[in-house]
Amino acid sequence: MSTKVGQSLGSSEWVEITQERINQFADATGDHQFIHVNEEMAKMTPFGGTIAHGFLTLSMIPYLSQNSDLPRPEGVRMGLNYGGNKTRFINPVRAGKRIRGHWKLLEMTEKRPGQWQQTVEITIEIEGEDKPALVCEWITQLFV
């Protein structure tokens, strides 16, 4: 896998961000700001309607990863989230839009025998829009 540093690893399928999903995320997090859940009030904003929480978009990374063509290295027993760097919410995801993720391997470092640290750049794009929803560096610990 370390031979792929600097290369694209793959992309996910498209997934729709529905108002129902946004409402469920609002309920789970307690963030019921009107721009997310009140369609009538949100129409009066520059967004013209409700938008997904930035953290909802970020939280879609595991789902997008599972529904992607990313390589699944043999021998990996488990992977753990280690954290993120440089997360930027660039463009809001409007309710009803579809998103997908793209992964690029930035770094692969063996921390100790059988444990690797992988840093990837993840870009989540919005179908039909020029600017992505977010770009972040994500770090995962892999155990083989």
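This is a predicted model: local features need pLDDT of at least 70, side-chain atom pairs count only at pLDDT 80 or more; totals for chains, interfaces and linings use all residues.
Residues are numbered from 1 along each chain as its sequence is written. Local features need pLDDT of at least 70 and side-chain atom pairs pLDDT 80 or more, while totals for chains, interfaces and linings use all residues.

Strands (E, at least two residues) and helices (H or I, at least four) are DSSP runs, numbered from the N terminus. Two strands pair if DSSP finds at least two bridges between them. Strand S1 (residues 8–11) pairs with S4 in the antiparallel sense over three bridges, and Gly10 stands opposite Trp103 in S4. Strand S2 (residues 15–16) also runs antiparallel to S4, joined by two bridges; here Val15 faces Ile99. Between S4 and S5, antiparallel as well, there are 12 bridges. Two residues separate these strands in their hairpin, where Gly114 takes a positive phi near 85°.

The largest nonpolar core has 24 residues, and Ile17, Ile99, Ile122 and Ile124 have the most contacts inside it. Such a core is a set of buried Ala, Val, Leu, Ile, Met, Phe, Trp, Tyr and Cys residues joined through side-chain atoms within 4.5 Å, where buried means under 20% relative accessible area with a 1.4 Å probe, protein chains only. S5 gives the largest share of this core, four residues.

A pocket is an open set of points on a 1 Å grid where a 1.4 Å probe fits, with protein on both sides within 12 Å along at least five of seven lines; its lining residues have an atom within 4 Å of a point. The largest pocket is lined by 23 residues, with Ser65, Leu70, Gln118, Thr140 and Leu142 nearest its centre. H5 supplies the largest share of this lining, four residues.

Definitions and conventions:
Side-chain values use heavy atoms; hydrogens and water are left out. Buried means under 20% relative accessible area, exposed over 50%, partly exposed in between (1.4 Å probe, protein chains only).
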